[in-house]
There are 2 protein chains.
Amino acid sequence: MSTITTTADKELFIKMVLSNWEMQISRMNNLLAKLSDAELAHPTASGRNTGVYLLGHLAAIGDGMFIFLGLGEKLNPAIYELFVSNPENSGLEKPSIAELKEYWNKVNDELAQKINSMPVDEWFSRHTAVKEEDFAKEPHRNKLNIVINRTNHLSYHLGQLAYLVSK
Amino acid sequence: MSTITTTADKELFIKMVLSNWEMQISRMNNLLAKLSDAELAHPTASGRNTGVYLLGHLAAIGDGMFIFLGLGEKLNPAIYELFVSNPENSGLEKPSIAELKEYWNKVNDELAQKINSMPVDEWFSRHTAVKEEDFAKEPHRNKLNIVINRTNHLSYHLGQLAYLVSK
């Protein structure tokens, strides 16, 4: 009985975190559906990142989650380099908007698939960027915490991307 | 034994959610410390809300949490009206920046105090905006979920407020 109760609590908690993640992904998809390619290429504010850069950035940060969650390698490490390790004005050649949208969808589809088949207890294990000795003292730094953190990161940039929509 | 294990799991979930909430509050405080009153009064982007309005808005949304979490009434319903029910250009008279900062700190201090003494199981009970019959079907719509949701809301506007910092 003890295991059953605990697993149910954990499943509920996983659902809370994942449903918030999915809600922000779907807000991003709604926003993308509203914007033309030309609008997406605008700076989100004067002198700030364009929508295209933020799309590449968010897709690449999503791609980085495979590693943190122990789910495999990045789908496209080269795009990660362009949109996370380097700023917009790096002068490096970037993929087209169509390619970035495809990448964004591919990352999210594959993440959703792998996330939804992750065993319950796996979520409460150490994420790969925390050392074992630190995790022993701070067990809240688990894989599920990565999703909470990345959901906030997505919300942060969604607030900026919203400025591309004409008032 | 079953109860002890479950309570420990629940305490861990609560810590995960609250530590992310506190992290965003402290990012907001760091941002406020960096900005002069004149900078805070600027629009975050051309034709968009000023930092002052977003400060009032975030403080008021925090104030609204007392009700959702069943922790009491709003500290200042009039400010909520000005910064949530009404847009920036409402023409209504607004408090000074000093008053808004004081309100922001008071809301967060009082919230932290009440939140930290909330019993573990209380977090997994229905938040007051969900009907009992809906909660029976969707138990993830609990009080802790309100904090996850409000953390994302804070992150969203933090992304916009960050544009007030000169590059």
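**Entry 1: the pocket**

I began with what lines the largest pocket: its residues split into 5 nonpolar, 4 polar and 3 charged. This is a predicted model, so I keep that in mind throughout. From chain A the lining takes G47(A), R48(A), N49(A), L54(A), P87(A), E88(A), N89(A), Y156(A) and Q160(A). How much space lies in the largest pocket? I noted about 280 Å³.

**Entry 2: aromatic pairs**

I looked at F124(A) with F13(B): the ring centres are 5.5 Å apart and the planes stand at 40°, so I logged the pair as tilted. Where do the two partners sit? F124(A) is in the loop between α5 (97-116) and α6 (132-137) of chain A, while F13(B) belongs to helix α1 (residues 2-34) of chain B, and the pair crosses between chains.

Are these two buried or exposed? F124(A) has 11% relative accessibility, and because the cut-off for buried is under 20%, it counts as buried. F13(B) comes to 1%, so F13(B) is buried as well.

F13(B) also pairs with F124(B). Here the centres are 6.2 Å apart and the planes at 70°; the angle is over 60 degrees, so this one is edge-to-face. I checked the sequence positions too: F13(B) lies in helix α1 of chain B and F124(B) in the loop between α5 (97-116) and α6 (132-137) of chain B, so the pair ties together parts 111 residues apart in sequence. F124(B) is buried, at a relative accessible area of 12%.

Putting the phenylalanines together, I get one aromatic cluster made of F13(A), F124(A), F13(B) and F124(B).

**Entry 3: lysine over tyrosine**

I then looked for charges over rings. In chain A, K74(A) lies over the face of Y80(A), 4.1 Å from the ring centre. In chain B, the charged end of K74(B) sits over the ring of Y80(B), at 4.1 Å from its centre.

**Entry 4: chain A overall**

Last, I stepped back to chain A. What does its secondary structure come to? I counted 7 helices and 0 strands, and from the N terminus the elements read α-α-α-α-α-α-α. The C-alpha atoms fill a box of roughly 60 × 30 × 25 Å along the principal axes. Of the 167 residues of chain A, 49% count as buried. I also took the contacts in chain A between residues at least 6 apart in sequence: 67% of them join residues at least 24 apart.

Definitions and conventions. Residues numbered from 1 in each chain as written. Chains lettered and ligands numbered in written order. Predicted model: local features only at pLDDT ≥ 70, side-chain atom pairs only at ≥ 80, totals over all residues. Heavy atoms only, no water. 1 Å grid on protein atoms, 1.4 Å probe; cavity = no way out; pocket = protein on both sides within 12 Å on 5 of 7 lines; lining within 4 Å. Points joined across faces, edges and corners; volume = space filled by probe spheres on them. Nonpolar A, V, L, I, M, F, W, Y, C, P; charged D, E, K, R; others polar. Phe/Tyr/Trp six-rings, centres within 6.5 Å; stacked < 30°, edge-to-face > 60°. Helix = DSSP H or I, 4+ residues; strand = E, 2+ residues; numbered from the N terminus. Buried < 20%, exposed > 50% of the residue type's maximum accessible area, 1.4 Å probe, protein only. Lys NZ or Arg CZ within 6 Å of the ring centre and 35° of its normal. Contact = heavy atoms within 4.5 Å.
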